[in-house]
Amino acid sequence: MRKAFIFFFVIIEIIMFVGCTEIKQAEATDLILLESLETIHPTETVETTKQAESDSPLLTNSPSPTEVVQTELTATETPQIVKTKLSAWVAYWDMDYVMNEAWDMGDSLDSIVFFAAYFDHKNRLFVPDEIDMLLEEYDLALFETLPYKYISIVNDKKNKNGSSSLKDVDLLYSLLSSDNAINKHVENLISLAVDGEYDGIEIDYERLRNDLLLWDHFIKFIKLLYVRTEQEGLLLRVTLEPNIPFDKIEFPEGPEYVMMCYNLHGSHSGPGPKADEEFIRDLVIKMEQLPGEKAFAFATGGFDWSDSGRVVSLTEASAVELLSDQSAIISRDQASKCAVFKYKDEDKNQHEVWYADNITLRYWIDIVKEYGDYPVAIWRLGGNDSLDILFDE
């Protein structure tokens with residue numbers, strides 16, 4: 001009996017010791033957390049570690065055409081994780097670390113779109129060798145849940161002399177101007193997808209604009225392609241530009257339609273965001289009249305406009321690096337939540353940079369989510385610093 005009592009007493013002592021230890025650890029953790037919170041200043045201005053030079057002015061006034069306000073560090077500046085059906089493009093000309101970015105996004109990534117197959121000088125469809133290299137990386141990426149893989153088809157053409165014709169409308173007329181031509185093109189697409197072991201096809205034919213005759217050919221083509229993809233067990237999505245004549249086209253039910261919510265500003269314009277609130281809301285309202293599943297695409301990165309007339313496309317990572325190199329002070333545009341900064345180069349040319357980060361993307365996506373739980377597409381993987389913060393579960 002005495003031995004049993006001693007054993008019981010020892011057990012009680014061990015339990016009390018472990019309990020006290022856990023309480024002390026919890027108290028220490030709470031103290032560390034409290035001290036870290038006390039070091040946060042909610043109204044601290046965002047700027048680089050270097051002091052801003054006198055010729056890199058603070059953007060307290062609005063760069064035309066939208067108002068820019070000073071960014072503040074607050075608790076809400078870290079966006080919540082987006083939980084939605086998500087796809088993202090990978091481009092053959094920028095393969096560095098794209099599968100790493102895809103993997104970092106975790107199970108959030110529903111599909112990857114390989115961009116893109118296009119046409120040779122004889123209007124024959126082909127896939128660049130770089131796409132095959134990306135597919136090898138895809139197979140080795142060890143996704144916990146393997147995303148669907150689409151092959152994107154664009155109306156770009158590689159000419160015989162090595163030059164390129166981008167968004168070639170004459171090519172579309174050649175491919176779609178008769179029933180026989182449409183049938184041939186559809187079968188070529190099906191063969192490409194089946195032979196390449198893709199799960200789906202994306203059609204990204206652009207610059208149709210207000211050419212209603214070409215739209216008629218295009219709609220016939222989409223109807224037939226959808227029938228054939230259904231027969232082959234393939235997915236089909238169709239990417240649309242913002243400037244299409246919605247009220248004059250009757251889109252068929254079946255494919256997923258993806259609206260490009262970008263290009264509001266770019267190399268074709270002066271400084272500004274790729275998208276803003278008004279632009280996005282207008283597109284969502286217009287897209288609601290289309291049948292079937294609809295998705296909305298947003299572009300990462302941005303542009304650097306120089307008063308010399310030169311416009312340079314930037315990834316988020318290159319914009320952040322430029323911000324640091326130029327010791328610039330960053331502000332955030334009110335209407336788009338884009339990051340904005342100015343600087344002067346060594347030739348004294350004034351530059352204005354606008355780019356999207358995870359805060360921007362979260363804002364754009366939230367606008368769409370007000371209208372429904374629509375899928376989201378990201379153009380594109382590569383050169384992004386913070387997509388994993390937004391999408392990784």
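**Exercise 1.** Into how many nonpolar, polar and charged residues does the lining of the second largest cavity divide?

*Solution.* The model is predicted, with local features needing pLDDT of at least 70 and side-chain atom pairs counting only at pLDDT 80 or more, while totals for chains, interfaces and linings use all residues. Residues are numbered from 1 along each chain as its sequence is written, and side-chain values use heavy atoms, leaving out hydrogens and water.

Step 1: a cavity is a set of points, on a 1 Å grid over the protein atoms alone, where a 1.4 Å probe fits but cannot get out, and its lining residues have an atom within 4 Å of a point. The second largest cavity is lined by Tyr205, Arg207, Leu208, Arg209, Trp215, Phe218, Thr239, Leu240, Glu241 and Ile244.

Step 2: Ala, Val, Leu, Ile, Met, Phe, Trp, Tyr, Cys and Pro count as nonpolar, Asp, Glu, Lys and Arg as charged, and the others, Gly among them, as polar. The lining therefore divides into six nonpolar, one polar and three charged residues.

Step 3: the volume, which is the space filled by probe spheres set on grid points joined across faces, edges and corners, is about 60 Å³ for this cavity. H6 and strand E8 (235-240) each supply at least two residues of its lining.

**Exercise 2.** Describe how helix H4 packs against H6.

*Solution.* Step 1: helices (H or I, at least four residues) and strands (E, at least two) are DSSP runs, numbered from the N terminus. Helix H4 (residues 169-176) and H6 pack at an angle of about 50°, with their axes 10 Å apart, where axes are lines fitted to C-alpha atoms over the stretch in contact and angles run from 0 to 180 degrees between N-to-C directions.

Step 2: that angle makes H4 oblique to H6, since angles under 35 degrees count as roughly parallel, over 145 as roughly antiparallel, 65 to 115 as roughly perpendicular and the rest as oblique.

Step 3: the crossing of H4 and H6 is left-handed, meaning that the near helix is turned anticlockwise from the far one by less than a right angle.

Step 4: the contact (heavy atoms within 4.5 Å) is made by Val169, Leu172, Tyr173 and Leu176 of H4 and Leu213, Leu214, His217, Phe218 and Phe221 of H6. These residues divide into eight nonpolar, one polar and no charged.

**Exercise 3.** State the geometry of H5 and H6.

*Solution.* The axes of helix H5 (residues 179-195) and helix H6 (residues 212-232) come within 10 Å and cross at roughly 40°, which makes H5 oblique to H6. The crossing of H5 and H6 is right-handed.

How values were computed: 1 Å grid on protein atoms, 1.4 Å probe; cavity = no way out; pocket = protein on both sides within 12 Å on 5 of 7 lines; lining within 4 Å.
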